[in-house]
Structure formats: C-alpha cells, structure tokens
Amino acid sequence: MDRLNLFAMAGAGVIEKPEVQPTDGDTKGEGWLVTVYNNDVNTYEEVMVILMVATHCSADEAYMEAWEIDHLGASVVHQADEDECRTVAEVIATIGIRVEVSQQP
C-alpha cells in the first residue's frame, strides 16, 4: 500500500495554517533572542543545569541546546522580550559561558 493510501486511511487531511492575530510588536516571546556560544571549559551537565534554571526548560530541551552549542558553536536558547532575555542571559553567564542578547532581525 502506498503512503497516500495510508494517510487517507488514517484520516489525514490538509493542515490549515492557524490564523495569527496582529499584535503591537510588544508581545512577550517576540523580538529578542538569547544565544549561547561554545567554549572548552563548561561541561554538558553545567550548561544543561544553567539552561534549566535560567529558561525553565526540560532536561531534554537543555540537552538538545547543549548539543547544538557543542556541535554547531552556538544555539538560540530563549526568545522573549528584552528584559526577560537580559535576565536569562545574566543567569547563564554566571557559569562563565559567552552569552549574547540580540534583537531578532
């Protein structure tokens, strides 16, 4: 049986793009990013723990971000308004790792 028939049998249909309500651009979760950069000092465990403390993410998400930092050189670990991103970055920086807060392009 081909994939198309399997999808039809499973009741798969067209997935509609959700309607997005316009905002004034000041919505929490938009506009600013926290990027963490790799170094040769901090361990996966240190990075994971500080990410969980700073961003309240799960251990799985913290591991994925630590992996990205290690293998890709950097990872965006948080997105929010400027004040929240600066607070998150300050917490992460306490372990001596390089952190950057930037506005989304």
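**Figure 1. Side-chain directions along strand β1 of the predicted model.** Trp32, Val34 and Val36 point one way from β1, while Leu33, Thr35 and Tyr37 point the other way, and all are buried. The coordinates shown here are those of a predicted model. Strand β1 covers residues 32-37. Because six of its six residues are buried, β1 is largely enclosed by the rest of the structure. Burial in this sense requires a relative accessible area under 20%.

**Figure 2. The open sheet formed by three strands.** The strands are arranged in the order β2-β1-β3, and their pairing is antiparallel. Strands β2 and β3 are the edge strands, each of them pairing on one side only. On average, neighbouring strands of this sheet are turned by 25° against each other, direction ignored. Helix α4 packs on the sheet and touches β1, β2 and β3. The direction of α4 makes about 15° with that of β1.

**Figure 3. Pairing of β1 with strand β2.** Strand β2 comprises residues 74-80 and runs antiparallel to β1, to which it is joined by six bridges. Leu33 has Gln79 of β2 as its bridge partner, and Tyr37 stands opposite Ala74 in β2. Both Leu33 and Tyr37 are buried, and they point the same way from β1.

**Figure 4. Pairing of β1 with strand β3.** Strand β3, residues 99-103, pairs with β1 in the antiparallel sense over five bridges.

**Figure 5. The salt bridge within helix α4.** The structure holds one salt bridge. This salt bridge is formed by Arg86 with Glu82, and the closest N and O atoms are 3.1 Å apart. Both residues lie in helix α4, which spans residues 82-93. Arg86 and Glu82 are four residues apart, about one turn of the helix. Arg86 has a relative accessibility of 38% and therefore counts as partly exposed. Glu82 also counts as partly exposed, because its relative accessibility is 31%.

**Figure 6. A nonpolar surface patch that includes Tyr63.** Tyr63, Trp67 and Leu72 make a nonpolar surface patch of about 340 Å². Tyr63 is placed in helix α3, which covers residues 59-72. With a relative accessibility of 43%, Tyr63 counts as partly exposed.

**Figure 7. The whole protein chain as context for the close-up views.** The protein chain contains four helices and three strands. Along the sequence these elements follow the pattern α-β-α-α-β-α-β. Of the 105 residues in the protein chain, 27% are buried. The protein chain exposes about 7,500 Å², and carbon and sulfur atoms supply 54% of this area. Among contacts between residues at least 6 apart in sequence, 69% join residues at least 24 apart.

Methods
Residues are numbered from 1 along each chain as its sequence is written. This is a predicted model: local features need pLDDT of at least 70, side-chain atom pairs count only at pLDDT 80 or more; totals for chains, interfaces and linings use all residues. Side-chain values use heavy atoms; hydrogens and water are left out. Patches are made of residues with over 30% relative accessible area and no salt bridge: like charges are joined within 9 Å, nonpolar side chains (Val, Leu, Ile, Met, Phe, Trp, Tyr) within 5 Å. Accessible areas come from the Shrake-Rupley method with a 1.4 Å probe; for residues, only the protein chains shown count as cover. A salt bridge is a side-chain nitrogen of Lys or Arg within 4 Å of a carboxyl oxygen of Asp or Glu. Helices (H or I, at least four residues) and strands (E, at least two) are DSSP runs, numbered from the N terminus. Buried means under 20% relative accessible area, exposed over 50%, partly exposed in between (1.4 Å probe, protein chains only). Two strands pair if DSSP finds at least two bridges between them. Contact means heavy atoms within 4.5 Å. Axes are lines fitted to C-alpha atoms, for helices over the stretch in contact, and angles run from 0 to 180 degrees between N-to-C directions.
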